[in-house]
Amino acid sequence: MSGTTTAAAGLRRRAAGAGANRWVVLFVLCVSLLLVAVDATVLHVAMPAVTEDLKPSAIELLWIVDTYPLVCASLLILFGTLGDRVGRRRVLLLGYGLFGIASGLAALSRDPQMLIAARALLGVGGAMIMPATLSILRQVFPDRRERATAIGIWSAVAAVGAAVGPLLGGFLLEHFWWGSVFLINIPLMLVSLPVGRLLLPESTGDRDGPWDVVGALMAAAGLFGLILGVKRLGGGAPLLSAWTLLPPVVGAALMVAFVRRQRRRRHPLVDLRMFARPAFSTSVGCIVLAMLALVGLELIAAQYLQLVLHLSPLATGLRLLPLTLAAMAAGLVGSKALRRFGPRRMVAFGFCLTAAAVITLMAMGDRDNPSLLLPGFVLLGFGLETTLFGAYESMLSEAPQSQAGGAAAIGETSYQLGAGIGIALLGSVMNAAYAPGLSSVPGVPASASRAAGQSLGEAYEVAGRLGGARGAVLRHAARDSFVHGLHVTLLVSAALLLLGAVMALRLPRAMNCEAPPAPGSAVVPAQREAADSRVTA
């Protein structure tokens with residue numbers, strides 16, 4: 001009797017998921033995304049309080065910040081493909097539970113090691129949630145026109161999360177202790193678990209052959225090494241150090257072995273033939289380039305606003321808010337623009353608009369100019385989100401539904417990899433252009449000039465210790481060198497963005513609303529979609 005009752009309850013849940021309005025499903029998925037996006041940035045404003053309470057070493061402090069994105073990015077392919085095999089909703093709900101548990105552990109941490117471990121668990125939960133949201137979205141919106149609208153809303157929510165994180169963290173820190181930035185996740189996850197179990201439909205991809213556990217672990221370890229190496233380079237680690245060179249070299253070797261293994265297997269973890277499609281491979285490249293520009297420029301812009309214009313962290317966040325609002329607007333109107341102009345013109349236009357914004361911002365100097373910064377940040381946010389929206393939509397639509405989890409994981413991995421490369425590359429350009437201006441400052445000792453050449457913050461500290469006229473001269477020289485470095489970095493960014501616009505010319509001219517066939521298949525799209533997608537909801 002109990003078995004019959006359980007089976008009936010399962011049928012009712014599946015019926016509820018199947019009958020749920022797809023826009024309600026989108027709302028649930030967006031809440032999931034919002035939590036992960038907020039958690040990626042909310043800790044930044046809490047770091048001074050964490051440092052004061054837990055007193056971590058410099059290395060521990062770096063791992064507290066980097067563990068979450070590093071672990072999350074490394075495991076995206078593993079959990080994205082696992083969702084294709086065992087069920088995307090199942091992986092998403094497990095991610096909810098783990099995210100809530102890890103949030104509680106992070107809030108109650110009493111030492112840096114416990115907080116690092118909790119941040120690693122948060123990264124595992126985030127890696128389970130992120131690709132599942134996109135792959136379920138791919139499933140519940142089979143019509144490409146509606147799916148474009150849904151992806152636009154999804155991307156707008158991601159922009160909101162990135163902006164809300166620091167503001168929410170600042171508000172909580174004014175009223176509570178630093179652990180509150182993690183505790184806010186728990187009640188939301190407690191609501192998301194039953195709602196998601198009731199409303200979200202279950203689906204899987206191909207289940208032919210065993211899941212490639214060895215391949216999944218190779219991909220995770222390879223991506224971990226690559227992203228760790230990129231982050232160390234971006235953090236200013238010595239280029240010839242073994243700890244800087246070893247992780248990316250080992251990571252690259254593992255990824256090459258992973259690709260060769262997938263090509264040999266009859267049932268690969270990720271069907272690499274998707275990259276043979278120009279629209280898919282080009283979309284992935286555009287995501288990397290767009291994130292490279294976005295994250296690197298945001299980091300440098302934040303430093304400029306705080307260290308050159310001397311704005312407070314809250315004022316800096318408010319100055320960057322127009323960038324986020326413009327990105328939200330681009331996401332919301334993206335589906336109509338995509339239908340009207342097609343992926344090629346839309347993504348190329350987004351890159352060109354962003355390049356124009358970057359060139360406009362080259363007029364920034366050592367004095368505040370809100371009339372320049374406001375339109376520059378608006379164009380920057382709108383252009384980058386236009387590019388990211390068009391690229392994500394093209395990539396996801398080009399992949400067969402049976403590979404939705406793997407395709408979503410590839411897109412999210414490209415996003416994280418582009419962000420890491422952006423910080424490393426543009427940070428290196430910035431440092432290379434900044435340091436020569438302080439090699440020999442008149443009236444300032446050579447040792448002080450060398451120390452000031454490390455960063456603008458370090459230059460201000462050295463100038464404070466020198467004091468008097470020499471300190472003022474060093475401070476002025478450092479500020480001028482930073483502005484010069486900013487202009488050089490913006491010029492390099494503009495060149496990369498124009499390269500992205502040229503790359504976008506490989507995308508389809510028009511928005512094809514037919515489902516893509518599986519790689520190497522001669523079956524018509526509609527038949528292939530029906531055969532490959534096993535929706536159990």
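The lining of the largest cavity is made up of ten nonpolar residues and one charged residue, with no polar residue among them. This cavity belongs to a predicted model, in which two cavities of 30 Å³ or more are present. Its volume is about 80 Å³, and of the eleven residues that line the largest cavity, L297, A301, L361, F377 and L490 lie nearest its centre. Two or more lining residues are given by each of the helices α12 (278-308), α13 (313-361), α14 (370-398) and α18 (468-503). Of the contributing elements, α12 gives the most to this lining, with four residues.

The second largest cavity has a volume of about 40 Å³ and is likewise lined by eleven residues, among which F79, G80, G83, P131 and A132 are those nearest the centre. At least two residues of this lining are supplied by each of α4 (58-86), α5 (88-107) and α6 (112-140), and the largest share, five residues, comes from α6. By class, the lining of the second largest cavity comprises six nonpolar, four polar and one charged residues, whereas the lining of the largest cavity contains no polar residue.

Helix α6, which gives five residues to the lining of the second largest cavity, also holds L121. On the surface, L121 forms a nonpolar patch with I101 and L105, and the three residues together have about 240 Å² of accessible area. With a relative accessible area of 31%, L121 is classed as partly exposed, because this value falls between the limits of 20% and 50% that separate buried from exposed residues.

Along the chain, R273 and R263 are ten residues apart, and their C-alpha atoms are separated by 8.8 Å.

Technical notes: Residues are numbered from 1 along each chain as its sequence is written. This is a predicted model: local features need pLDDT of at least 70, side-chain atom pairs count only at pLDDT 80 or more; totals for chains, interfaces and linings use all residues. Side-chain values use heavy atoms; hydrogens and water are left out. On a 1 Å grid over the protein atoms alone, a cavity is a set of points where a 1.4 Å probe fits but cannot get out, and a pocket is an open set with protein on both sides within 12 Å along at least five of seven lines; lining residues have an atom within 4 Å of a point. Grid points are joined across faces, edges and corners, and a volume is the space filled by probe spheres set on the points. Ala, Val, Leu, Ile, Met, Phe, Trp, Tyr, Cys and Pro count as nonpolar, Asp, Glu, Lys and Arg as charged, and the others, Gly among them, as polar. Patches are made of residues with over 30% relative accessible area and no salt bridge: like charges are joined within 9 Å, nonpolar side chains (Val, Leu, Ile, Met, Phe, Trp, Tyr) within 5 Å. Accessible areas come from the Shrake-Rupley method with a 1.4 Å probe; for residues, only the protein chains shown count as cover. A salt bridge is a side-chain nitrogen of Lys or Arg within 4 Å of a carboxyl oxygen of Asp or Glu. Buried means under 20% relative accessible area, exposed over 50%, partly exposed in between (1.4 Å probe, protein chains only).
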